[in-house]
Structures are given as C-alpha cells and as structure tokens.
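Take a look at the protein below. Keep the sequence beside the 3D view as you read.

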Amino acid sequence: MDLPPAAAVLDIGAGGGKLVEDLRRRGHTGLLIGLDMKPGAGVLPFADAHFDAALLIRVLLYVADPQQALAEAWQVLSPGGTMVVAVQGAAHLAAFWALFGSPEGESADAATRRQLAPWLFDRLDL
C-alpha cells in the first residue's frame, strides 16, 4: 500500500491497533485512527470526506451489515481516497463469498472486482 506519509488513515476493525502502530513506526506522520468495530455498530463518528484512506482488513465478516460498513467507509473517504478491503484464510474467504457471491469459475481477483465494482461505481461521480 503506497500512502503519502501525511495521509489521514482510518483503520476500521483495528482490534489492538497493530496496523496503526506499524504505520507510525514506519514514519507515517499523518492522522492515524484505529477504530474497533463492534457487531451491529452504527454510523462512523467522522465527517464526510475526512480520510485519505480507509482500511477494512479482516473485518467485514464481523459486522452486522458488511455493505453498510463499506458504504460508511466510502462516505468518510476524501474524493480520490483509497479504500483497502482484505480477507485472509480459506474460511474467511469462503464466508466473504457466502456474503457477496461465489466466484464460480473465475479468479478470486476477478470475482472480487465483479462483486465490488457495481457497488463502488454506484457511488462515484463520473
């Protein structure tokens, strides 16, 4: 992930904050906020377009409404901001596909683009 050192970054589902700590240790000087999402948590407590990057690393399976979590992350991103969504491990990936649809004969990357692209394009001002 190539972030400018002064980028404002929101780590959604930060747990113990290891990613935020690692970014700071590697010289990141911008705003770094780690927020641990609780199951069923509501709206993110930040203004629209507040962050340059939103990170959702291994968190979508633990929120009540993954699409709402993505929508809220998108809302707090600045125009041109970066959203990073990651799943890890076979069980986590299988649960992701159960939520968003299975790849059925296409690569995982292609299936991810297929599932997320319509959601993202609905929110872009093109």
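What follows covers the nonpolar cores, an aromatic pair and one serine.

This is a predicted model, where local features need pLDDT of at least 70, side-chain atom pairs count only at pLDDT 80 or more, and totals for chains, interfaces and linings use all residues. Residues are numbered from 1 along each chain as its sequence is written, and side-chain values use heavy atoms, without hydrogens and water.

**Cores.** A nonpolar core is a set of buried Ala, Val, Leu, Ile, Met, Phe, Trp, Tyr and Cys residues joined through side-chain atoms within 4.5 Å. Buried means under 20% relative accessible area, exposed over 50%, and partly exposed in between (1.4 Å probe, protein chains only). The largest core here has 18 residues. Helix 2 gives the most to this core, four residues. Helices (H or I, at least four residues) and strands (E, at least two) are DSSP runs, numbered from the N terminus. Leu56 is among the core residues with the most contacts inside it. Contact means heavy atoms within 4.5 Å. Leu56 touches residues including Ile12, Ala73 and Met83, not counting residues up to four places away in sequence.

**Aromatic pair.** Rings of Phe, Tyr and Trp (its six-membered ring) pair if their centres lie within 6.5 Å; planes under 30 degrees apart count as stacked, over 60 as edge-to-face, the rest as tilted. There is one such pair. The ring centres of Phe46 and Phe51 are 5.0 Å apart and their planes stand at 90 degrees, so the pair is edge-to-face.

**Serine.** Ser78 is in strand 4. Ser78 touches Phe51, among others, not counting residues up to four places away in sequence.

| Residue | Relative accessible area | Class |
|---|---|---|
| Phe46 | 21% | partly exposed |
| Phe51 | 0% | buried |
| Ser78 | 17% | buried |
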